[in-house]
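Reader: Let us go through this model by question and answer. Where should we begin?

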Amino acid sequence: SIVLLTLNLFHGTSRNAVRVYNNYLSTTGNNTGMQLVSISNAKIWNNTIISARNGIILNGTGSTAGALEDTNMTFSNNTIRVCSGGSFCFDSNFTALTLTENVTNIFFQDNNFNKTKIKIVKRVPNNGREKNNLTIQWTLKLNVTDTSTGNAISGATVEINNSKGQMLYNGIVNSLGAINSTLITEFTQNGTVVPFYQSCSEQPD
């Protein structure tokens with residue numbers, strides 16, 4: 001475990017297959033906890049990121065605007081939160097996750113953070129069209145038991161639907177009455193920034 005002001009990863013020799021795990025990242029002032037610029041195929045897990053202003057920034061711009069992108073990243077079991085006790089530590093100033101300039105196929109799995117603190121923003125007003133997408137997922141573990149005995153019921157069929165009636169899971173429990181761990185998508189957030197002369201706001205995909 002390490003303590004840093006900011007972890008910055010930029011495109012270059014380390015652009016592909018980045019791995020960041022088991023770190024404690026704490027920033028002060030207006031610094032960002034973790035910034036990834038034009039990184040592909042990254043896995044980020046078991047980190048604690050504490051910041052007064054920005055937890056994680058994903059920026060897809062390379063040396064030429066729009067030439068590269070952040071893509072295919074998985075963040076799992078991380079904690080992202082605002083700092084406490086300092087003169088800069090106000091929740092109203094804090095953004096847990098920012099996506100900008102073509103950040104695609106980003107998966108957040110079993111992370112502890114405030115989901116209302118997600119921002120998808122345009123980097124430059126007239127920079128052309130940007131596409132960004134983020135998927136929030138959770139690991140589902142479930143056991144089927146007999147309420148009268150407390151014993152596991154093997155071979156039971158389990159079907160799970162969301163509030164809209166869409167099937168999230170269908171399968172048969174094992175001999176211990178458990179389903180295989182499966183990822184359930186809570187929501188996907190898409191954002192496209194169009195040229196300023198067409199729209200002054202973000203447009204959904």
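Author: This is a predicted model. Start with the aromatic pairs, of which the structure holds 3.

Reader: How are the rings of Tyr21 and Trp45 arranged: stacked, tilted or edge-to-face?

Author: The ring centres of Tyr21 and Trp45 lie 4.5 Å apart, with 10 degrees between the planes. Planes under 30 degrees apart count as stacked. The pair is therefore stacked.

Reader: How far apart in sequence are the parts that this pair ties together?

Author: Tyr21 belongs to strand β3 (residues 19-21). Trp45 belongs to strand β6 (residues 40-45). So the pair links parts separated in sequence by 24 residues.

Reader: Is Trp45 buried, exposed or partly exposed?

Author: Buried means under 20% relative accessible area, and exposed means over 50%. Trp45 has a relative accessible area of 27%, so it falls in between. Trp45 is partly exposed.

Reader: Which residues form an aromatic cluster?

Author: The cluster is made of phenylalanines. Its members are Phe75, Phe108 and Phe113.

Reader: Where in the chain is confidence highest?

Author: The chain has a mean pLDDT of 81, and 78% of its residues reach 70 or more. Strand β1 (residues 3-4) has the lowest confidence, with a mean of 50. The highest, at 96, is in strand β10 (residues 79-82).

Reader: How many contacts beyond four places in sequence does the model have for residues 192-205?

Author: Over residues 192-205, pLDDT stays under 50. Where pLDDT is low, predicted coordinates should not be read in detail. For this stretch, the model's number of such contacts is 27.

Conventions. Residues numbered from 1 in each chain as written. Predicted model: local features only at pLDDT ≥ 70, side-chain atom pairs only at ≥ 80, totals over all residues. Heavy atoms only, no water. pLDDT = per-residue confidence, 0-100. Helix = DSSP H or I, 4+ residues; strand = E, 2+ residues; numbered from the N terminus. Contact = heavy atoms within 4.5 Å. Phe/Tyr/Trp six-rings, centres within 6.5 Å; stacked < 30°, edge-to-face > 60°. Buried < 20%, exposed > 50% of the residue type's maximum accessible area, 1.4 Å probe, protein only.
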